[in-house]
Amino acid sequence: MSSRPAAVAGSETVRGIHPGTGETLAISTSGGRISALEAVPGEAGPFVSPGWVDLQVNGFAGVDYNDPSTPADEIARSIEVQRSTGVARFYPTVITGSGQGMRGSLRNLALARRTISNGSAMLGFHVEGPWISPDDGPRGAHPQQHVRPPSIEEFARFQDAADGGIRIVTLSPEHDEAPRVIEHMVANDVVVSIGHTNATSAQIADAVCAGATMSTHLGNGAHARVPRHDNYIVHQMADDRLYAGLIIDGIHLPPPFAKVALRAKGPHRSILVTDAVAPAHCEPGIYQLGEQQVELLPSSRVELTTSRRLAGSALSMDRGVENAMRFAGMTLHEATRLACSNPGAAMGLAQRTEYLTPGQAADFTLFRLEEGNLEVIRTIAVAD
């Protein structure tokens, strides 16, 4: 599997098969946007979709985005490895930690975004925590000692460290301060996602009324056992106003649950995320992630070495697209939408919400699909 990211400077024509229509398209680009599409005589070649976007990436290829000392050139290398899996753009994700540590990580990522040649691959930053549930189960692998209630003042400090680049925040609406903080963030063009929560149905409803529009890795960051019908997973799944991020690796979500969640949210409100951590795309072994040690097992599970809880994933987006088709019977067109148009719509990115239409961003993922196995051929990303 190889990736040859290409800057689309001026104009370029990209050829590929549309996953929905089966037509071979010649896609003309200009100024970083699709300018025209033309159906051309069929020929053997790869499929083409809009470039894939991952809303939740904690690290990749041995590179930890939560380490304030991670070198910029290592971040640049990890971006190219992600592009080998079809991801053109992504949101580096900083998880629960001390205020100083989280600000340091955001500051480091913002510097890399400004200075490395492929820094525009980072569309913004995702802050997942520290404003989550302190309870075992919903908290997941987030360190309990750093969990705290949401704060407008702390959000401002984080945003300052990130050069204004925070675009997604995951929090739990079980905190009394949550509705006011959500309203503030949404007013400042930040997408608020519900996650790592032990919230009641009323608290979830209040969060949505305040402006929350997503669920972070729905079905994970939860108790091992919840009430059969009245629980925070069902309430989020049933709310049609919420997009749902889903880690479809066969580890975080059993295939039947993934199938049910994809059907509940439908092909337009479901989003593939990897929740990848630094060991993703690496060999099995022990890795140090900040204050915590994790192990990547041969089965592709990533676990805390202390408690054996899941600690992020080793999933790549190409495997996620495969699994959406395999687990839920989705078409190739539907499965790829979960990785491009749907995250674009959830983030309000006007030039990434449609599927191969004029005016959309000229980022493309070209791939083959043979007997259910997907192989990325090339990821084309605009140099902007």
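## Close-up views of a predicted model

**View 1. The β18–β19 hairpin has a positive-phi residue at its turn.** Glu-371 takes a positive phi near 50° in the hairpin of β18 and β19, where two residues sit between the strands. Strands here are DSSP runs of E with at least two residues, helices are runs of H or I with at least four, and both are numbered from the N terminus. β18 (residues 364-370) and β19 (residues 373-380) pair in the antiparallel sense, with seven bridges; two strands count as paired if DSSP finds at least two bridges between them. Look for Phe-367, which stands opposite Val-376 in β19.

A quick note before the other views: this is a predicted model, so local features need pLDDT of at least 70 and side-chain atom pairs count only at pLDDT 80 or more, while totals for chains, interfaces and linings use all residues. Residues are numbered from 1 along each chain as its sequence is written, and side-chain values use heavy atoms, with hydrogens and water left out.

**View 2. An open sheet of eight strands has parallel pairing.** Read across, the order is β5-β8-β9-β10-β11-β12-β13-β14. The edge strands are β5 (52-57) and β14 (270-272), each of which pairs on one side only. Zoom in on β11 (residues 191-194) and β12 (residues 214-215) and you'll find two bridges joining these parallel strands. Ser-193 has Met-214 in β12 as its bridge partner.

**View 3. Three strands make an open antiparallel sheet.** The order is β15-β16-β17. One side of β15 (285-289) and one side of β17 (302-304) is left without a neighbour in the sheet, because each of these edge strands has a single partner strand. Neighbouring strands of this sheet are turned by 30° against each other on average, direction ignored; the axes behind that angle are lines fitted to C-alpha atoms (for helices, over the stretch in contact), and angles run from 0 to 180 degrees between N-to-C directions. β16 and β17 share three bridges in the antiparallel sense. Val-294 has Leu-304 in β17 as its bridge partner.

**View 4. The largest pocket holds about 910 Å³ of space.** A pocket is an open set of points on a 1 Å grid over the protein atoms alone, with protein on both sides within 12 Å along at least five of seven lines; a cavity is a set where a 1.4 Å probe fits but cannot get out, and lining residues have an atom within 4 Å of a point. Grid points are joined across faces, edges and corners, and a volume is the space filled by probe spheres set on them. The lining of the largest pocket has 45 residues, with Ile-95, Gly-140, Ala-141, His-142 and Ala-311 nearest the centre. β8 (87-95), α2 (99-115) and β16 (292-296) each supply at least two lining residues, and α2 gives the largest share, three residues. By class, the lining has 18 nonpolar, 20 polar and seven charged residues. The classes work like this: Ala, Val, Leu, Ile, Met, Phe, Trp, Tyr, Cys and Pro are nonpolar, Asp, Glu, Lys and Arg are charged, and the others, Gly among them, are polar.

**View 5. The second largest pocket has a volume of about 320 Å³.** Of its 19 lining residues, Ser-300, Ala-314, Leu-315, Ser-316 and Arg-319 are the closest to the centre. Helix α8 (residues 317-328) gives the most to this lining, with three residues. The lining divides into eleven nonpolar, five polar and three charged residues.

**View 6. Four cavities of 30 Å³ or more turn up in a search of the whole structure.** The largest cavity has about 90 Å³ of space, and its lining includes Ile-34, Pro-50, Cys-340, Arg-352 and Asp-363. That lining splits into six nonpolar, three polar and three charged residues. The second largest cavity has about 70 Å³. Its lining has 15 residues, with Thr-216, Gly-219, Asn-220, Gly-221 and Gln-236 nearest the centre. Helix α6 (residues 232-238) gives the largest share of that lining, three residues.

View 7. The disulfide count is zero, where a disulfide is a pair of cysteine sulfur atoms within 2.5 Å.
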